[in-house]
Amino acid sequence: MDLTLWQYQFRFIMLGDSTVGKSSLLKRYTEDLFLESINQTVGVDFYVHFLEVEPGVRVKLQFWDTAGQERFRSVTRSYYRNSVGGLLVFDMTNQDSFDHIKEWHAEVCDRVQPHTVLFVLVGQKSDRDAEGERVVSREEAEKLARQLGVPYVEASARTGEGVRDVFELLTRRVYQGLLSGEVELLEGWDGVKCAAPHALQLQRANLAQPSTASKNNKKCCA
Ligand SMILES: Nc1nc2c(ncn2[C@@H]2O[C@H](COP(=O)(O)OP(=O)(O)OP(=O)(O)O)[C@@H](O)[C@H]2O)c(=O)[nH]1
Ligand SMILES: [Mg+2]
């Protein structure tokens with residue numbers, strides 16, 4: 001399989017306090033590795049992964065892994081605008097990191113206007129739940145997710161549990177948004193790139209005519 005070929009490119013940004021495990025999530029997803037001692041991110045790091053969202057449709061995912069530390073905020077802010085997806089990450093053993101999620105969400109939404117970013121809320125370090133170290137319950141996190149209008153997923157970069165779900169959920173959400181027209185391809189915006197915009201227009205047109213499709217299906221199956 002030629003991994004350089006892709007039909008779409010999505011840019012995602014990792015958001016959340018320092019040490020919640022943003023870089024660890026990306027390392028697990030892109031390299032299937034976990035490091036007990038991993039360097040704090042300085043400014044912004046960059047990761048790439050390819051995902052087939054449906055047979056023959058390969059998406060190149062570009063991740064901006066931002067530093068959670070406040071002193072890097074002026075650098076990381078410049079990456080918000082050209083992202084189509086955002087992972088709002090907190091550590092379920094760290095109450096402050098959960099309390100700050102609303103601020104991360106508001107900060108990004110304010111700065112990307114008129115664009116929108118599709119989010120997923122991630123409760124990280126689920127392996128520590130078994131050790132009785134969880135301080136943010138699933139119910140609390142789900143309540144916040146409902147308030148923000150985003151899906152919630154729990155994950156552990158250490159064990160790998162839930163990690164693929166996190167990234168695949170967001171990728172599929174953006175892909176569906178593209179097909180439905182909720183996500184637009186705009187001049188001068190790098191959140192999404194499409195190798196064949198004409199093919200996307202055709203797919204959108206087909207989706208917009210379900211009655212024709214079902215009529216054709218009936219004919220075909222009769
Ligand atoms: N138990 C456990 N520890 C984790 C998990 N994910 C990350 N860690 C640990 O948490 C610490 C911080 O992880 P990082 O991935 O560097 O956190 P970060 O959010 O990228 O931090 P910044 O780069 O400073 O913003 C490291 O010691 C990791 O080994 C996890 O799922 N479970
Ligand atoms: Mg990091």
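**Note on the predicted model**

1. Thr19 is partly exposed, with 17 other C-beta atoms within 10 Å; a residue counts as buried if 20 or more other C-beta atoms, placed from the backbone, lie within 10 Å of its own, as exposed if 12 or fewer, and as partly exposed in between. Although Thr19 is not a glycine, its phi is positive, at about 75 degrees. The residue is found in the loop between E1 and H1; helices (H or I, at least four residues) and strands (E, at least two) are DSSP runs, numbered from the N terminus.

2. The model is predicted: local features need pLDDT of at least 70 and side-chain atom pairs count only at pLDDT 80 or more, whereas totals for chains, interfaces and linings use all residues. Residues are numbered from 1 along each chain as its sequence is written, and chains are lettered from A and ligands numbered from 1 in the order in which they are written.

3. Lys125 also has a positive phi, near 70 degrees, and is a residue other than glycine. Lys125 lies in the loop between E5 and H5 and is buried, with 26 other C-beta atoms within 10 Å.

4. A cis peptide bond links Gln113 to Pro114, with omega near 5 degrees. Pro114 is found in the loop between H4 and E5.

5. The largest nonpolar core has 46 residues, of which Leu87, Leu88, Val89, Val122 and Val166 touch the most other members; such a core is a set of buried Ala, Val, Leu, Ile, Met, Phe, Trp, Tyr and Cys residues joined through C-beta atoms within 7 Å. Among the elements that each supply at least two residues of this core are strand E4 (85-91), strand E5 (118-124) and helix H6 (163-180). H6 provides the largest share, seven residues.

6. Leaving aside neighbours within four places in sequence, Val166 is in contact with Leu87, Val120, Val122, Val153 and Ala155, a contact being two residues whose C-beta atoms, placed from the backbone, lie within 7 Å.

7. Around ligand 1 there are 23 residues, of which Gly21, Ser23, Ser24, Thr41 and Gly68 come nearest; a residue is near a molecule if its C-beta atom, placed from the backbone, lies within 6 Å of it. H1 contributes the largest share of this shell, three residues.

8. Overall, the protein has eight helices and seven strands, and 33% of its 222 residues count as buried. Its C-alpha atoms fill a box of roughly 60 × 40 × 40 Å, taken along the principal axes.
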